[in-house]
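Here is a short note for a colleague who is meeting this structure for the first time. Please read the numbered points with the model open beside them.

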Amino acid sequence: MPADRRVIGSEHVERASRRGRRHIEVLPGTIVTAEARDSAARLRIALRAGPLDRPAVPVPDGTAALVRGLYRRGAKWMPPARPEGRNPVRFDRLAVVGAGGVGANVAHLAANAGMADEVVVVDIVPGLAESLAVDLAHASGLTRSRSRVTGGTGLGLVAGADVAVVTAGRPRAPGMDRADLLEANRRTVRSVAESIRTASPGAVVLVVSNPLDEMTVEMLRATEFPRERVLGMAGTLDSARFREALARTAGVEVDEVEAMVLGSHGAEMVPVVSRARIRGAPLERHLRRAQIDACVERTVAAGARVVALRKTGSATLAPAHAVVEVLEHLRGARAGAVPVSVRLDGEFGIEGVVLGVPCRLGPRGLIEIEEIPLAQAERSALSRAAAAIRSRIDGAERPVGAS
């Protein structure tokens with residue numbers, strides 16, 4: 001055999017799948033075994049004739065880095081670019097279960113970004129998902145989006161989805177806490193979970209339904225999927241709200257603020273003040289302690305404020321953008337860690353509870369949890385959040401009248 005020829009076997013395909021890759025480059029003269037082709041078809045990995053075009057390697061801009069350093073504390077400080085993935089994939093099928101405010105906006109943003117060949121929307125209300133699909137199809141005449149959008153009422157439409165975004169459930173009303181929706185929405189989530197388990201056994205599930213952490217637990221149990229493939233949107237939205245509050249208080253642009261929120265998507269959320277930065281500097285360089293505390297309080301109450309003003313539902317636009325941010329990490333368009341809810345198996349000293357933590361994601365879901373250093377008070381708050389979630393789940397499972 002000539003020295004410049006190589007063989008791609010089933011073991012190469014399996015290795016590519018474990019690493020979250022969606023295609024394998026087949027160079028001229030390469031031999032692909034029959035077993036490799038079978039494995040590729042089973043794992044939905046494309047065998048693409050090469051050589052493939054590769055994006056140019058970005059050259060560091062020394063001038064921009066110097067300016068950024070010199071003006072770190074000044075009005076001309078230049079925020080660093082957001083880290084982008086090198087080889088983003090395009091989902092074959094993205095399913096959105098629930099065509100309410102959040103689900104409709106997720107479908108709109110995902111289709112507009114062209115992140116999937118097909119976006120499928122499902123809702124029990126006759127005509128709702130179908131009308132949304134027709135509306136988005138009309139919009140493609142302007143956006144030039146190549147994503148096909150279909151809609152219907154049957155949960156069987158989630159079949160073959162790479163990712164299923166679950167927004168179905170009852171929204172909050174004024175005066176309600178997210179935890180008040182536990183019993184109302186768990187039956188809905190279980191029903192959706194059973195359909196996903198049957199129709200899309202290889203899907204990654206992204207839970208948005210409230211109470212988010214508890215519903216992520218329900219999804220884990222009902223699908224029996226590994227923790228890597230069941231995620232909750234959680235801290236992605238809360239982090240965005242925290243950054244906006246800090247930027248407004250400090251009088252800077254939002255892209256000049258870096259901040260993250262961990263813990264539960266509720267009263268026990270943990271804004272990580274110790275690692276937050278404004279123009280690359282600790283918060284104390286720009287804000288007084290009372291101002292920082294006010295930003296934390298505003299973040300925790302942000303969702304309730306929208307509910308109180310709207311009166312007929314909860315936030316829709318910011319949650320949808322948060323979902324799309326997670327999807328961008330899943331498909332490799334964004335790099336770095338993003339806060340999502342996953343079941344902890346000893347990370348941060350917590351076991352067996354779903355909680356929002358920094359995660360690195362790929363097309364197969366969770367790659368790893370990033371255990372960032374936390375202040376002692378923040379670590380204690382994270383443990384209290386875990387205990388509160390565990391208590392609510394245990395309480396919901398206890399029969400009425402039991403002590």
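1. Basis of the note. This is a predicted model, in which local features need pLDDT of at least 70 and side-chain atom pairs count only at pLDDT 80 or more, while totals for chains, interfaces and linings use all residues. Residues are numbered from 1 along each chain as its sequence is written, and side-chain values use heavy atoms, with hydrogens and water left out.

2. Cysteines. A search of the whole structure finds zero disulfides, a disulfide being a pair of cysteine sulfur atoms within 2.5 Å. Cys-295 is buried at a relative accessible area of 0%, and Cys-359 is likewise buried, with a value of 0%; here buried means under 20% relative accessible area, exposed means over 50%, and partly exposed lies in between (1.4 Å probe, protein chains only).

3. Helices (H or I, at least four residues) and strands (E, at least two) are DSSP runs, numbered from the N terminus. Glu-118 is buried, with a relative accessible area of 12%.

4. A salt bridge within a helix. Asp-293 and Arg-289 form a salt bridge whose closest N and O atoms are 3.1 Å apart; because they are four residues apart in helix 9 (residues 289–300), about one helical turn separates them. Asp-293 is partly exposed at 33%, and Arg-289 is partly exposed at 45%.

5. Elsewhere, salt bridges that share partners join Arg-227, Glu-228, Arg-343, Asp-345 and Glu-347 into one network.

6. The surroundings of Thr-223. Which residues does Thr-223 touch, not counting those up to four places away in sequence? They are Ala-193, Arg-197 and Val-230, contact meaning heavy atoms within 4.5 Å. Thr-223 lies in helix 7 (residues 212–223) and is buried, with a relative accessible area of 2%. Its side chain reaches the backbone oxygen of Met-219 at 2.6 Å and the backbone nitrogen of Phe-225 at 3.2 Å.

7. Backbone features worth a look. Most residues other than glycine have a negative phi, and most peptide bonds are trans. A cis peptide bond, with omega of about -5°, joins Asn-210 and Pro-211, and Pro-211 is found in the loop between strand 9 (204–207) and helix 7. Arg-44, although not a glycine, has a positive phi of about 60°; Arg-44 is in the loop between helix 2 (34–43) and strand 4 (46–49) and is partly exposed at 37%. Ala-234 has a positive phi near 40° and lies in the loop between strand 10 (230–232) and helix 8 (235–250), where Ala-234 counts as buried at 0% relative accessibility.

How values were computed:
A salt bridge is a side-chain nitrogen of Lys or Arg within 4 Å of a carboxyl oxygen of Asp or Glu. A polar contact is a pair of N or O atoms within 3.5 Å; within protein, one must be able to donate a hydrogen and the other to accept it, and residues adjacent in sequence count only if both atoms are side-chain atoms.
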